[in-house]
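Open the model in your viewer and keep the selection tool ready. The stops below go from the ligand to the helix pairs.

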Amino acid sequence: MQNRKPLIVITGASSGIGLATAQLFSSLGHPLLLLARRLENMQALNLPDTLALSVDVTDRAALAAAVQQGEARFGPADAIVNNAGVMLLGEITRQDPDQWDRMLDVNVKGVLNGVHAVAAGMVQRQRGSIINVSSVAGRKTFPNHVAYVGTKFAVHGLTENLREELAAHNVRVTTIAPGAVETELLGHTTDDSIKAGYEEWKTSMGSKVLSAQDVANAIHYAYAQPDGVCIREIVLAATRQQA
Ligand code: NDP
């Protein structure tokens, strides 16, 4: 049977922003291809018309193959949300450089791999949306964020360049730049004092920072515009976030 709404691909759909985005698009009737390493989290969502695959976004071939599998089942991808990311904060003289490698691989090359998996098809169809999740840390700097900020400035830069290149093909490209969001993201940082300082910073903003749902809403807002309207960037943060 033909689906009425087109396929949306979401990377990093096993928690946080990606998971909330999956739930939102599914509630609006879209079939989904969900990609992350933790398959069980995505399967537990139990969403209809959804293919969840355990894929590491740093594996370019696996990501491309997964998109082909999703498209074979649900038709062409109308949007990809390149959301998978890691934030390993560190003081530059002490941080293990392997953590820089991991962030560059996931946050930058992972986004490019997602773009690679869909861009040619979108150009061919003269239609599609590529939505890359960057950060406020892709526009300005923060303490102990050197390598992470480097990856997110890269996401901002490559996304805007991609938008210019795909505009002539009627493909929309959007940067989503959230401030602090309550998710698992900080949990992977290994420096306990930096983690504690970050938590303190979040507490200083009052009762809550952004929720994953807030960001999912922004992603959907960009997607839901008429075909001829490209939301180039959305920057959103808790009202009480000063930086
Ligand atoms: P979470 O840690 O909750 O989610 C991160 C997601 O990325 C998970 O689904 C994780 O899945 C996935 N992921 C990580 N590494 C890989 C990998 N190698 N391959 C595939 N998937 C991977 O954090 P958020 O929801 O907060 O993060 C989502 C995006 O939002 C990130 O790009 C982050 O930088 C950005 N962001 C977050 C902010 C915040 O304050 N939380 C602020 C600004 C931007 P799994 O581990 O199962 O593979």
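A polar contact is a pair of N or O atoms within 3.5 Å; within protein, one atom must be able to donate a hydrogen and the other to accept it, and residues adjacent in sequence count only if both atoms are side-chain atoms. This is a predicted model, where local features need pLDDT of at least 70, side-chain atom pairs count only at pLDDT 80 or more, and totals for chains, interfaces and linings use all residues. Residues are numbered from 1 along each chain as its sequence is written, and side-chain values use heavy atoms, with hydrogens and water left out.

**Stop 1: the ligand**

Select lysine 152. An N or O atom in its side chain is 3.0 Å from an oxygen atom of the ligand. Next, pick serine 14. Here a side-chain N or O atom is 2.7 Å from a ligand oxygen. Then show the backbone of glutamate 184. One of its polar backbone atoms is 3.4 Å from an oxygen atom of the ligand.

How many residues surround the ligand? There are 28, and the closest are Ser14, Arg37, Tyr148, Val181 and Thr183.

**Stop 2**

Two packed helices are described by the angle between their axes and the distance between the axes. Axes are lines fitted to C-alpha atoms, for helices over the stretch in contact, and angles run from 0 to 180 degrees between N-to-C directions. Helices are DSSP runs (H or I, at least four residues), numbered from the N terminus.

Select H4 (residues 97–125) and H5 (residues 146–167). They pack at about 15°, with axes 9 Å apart. That makes H4 roughly parallel to H5 (angles under 35 degrees count as roughly parallel, over 145 as roughly antiparallel, 65 to 115 as roughly perpendicular and the rest as oblique). Contact means heavy atoms within 4.5 Å. Among the residues making it are Trp100 and Met103 of H4 and Tyr148 and Lys152 of H5.

**Stop 3: H3 and H4**

The contact includes Arg60 and Glu71 of H3 and His116 and Arg125 of H4.

**Stop 4: H1 and H7**

Finish with H1 (residues 16–27) and H7 (residues 212–223). Their axes come within 8 Å and cross at roughly 55°. That makes H1 oblique to H7. Look for Ile17 and Phe25 of H1, and for His220 and Tyr223 of H7, among the contact residues.

Methods:
Helix = DSSP H or I, 4+ residues; strand = E, 2+ residues; numbered from the N terminus. Near = heavy atom within 4 Å.
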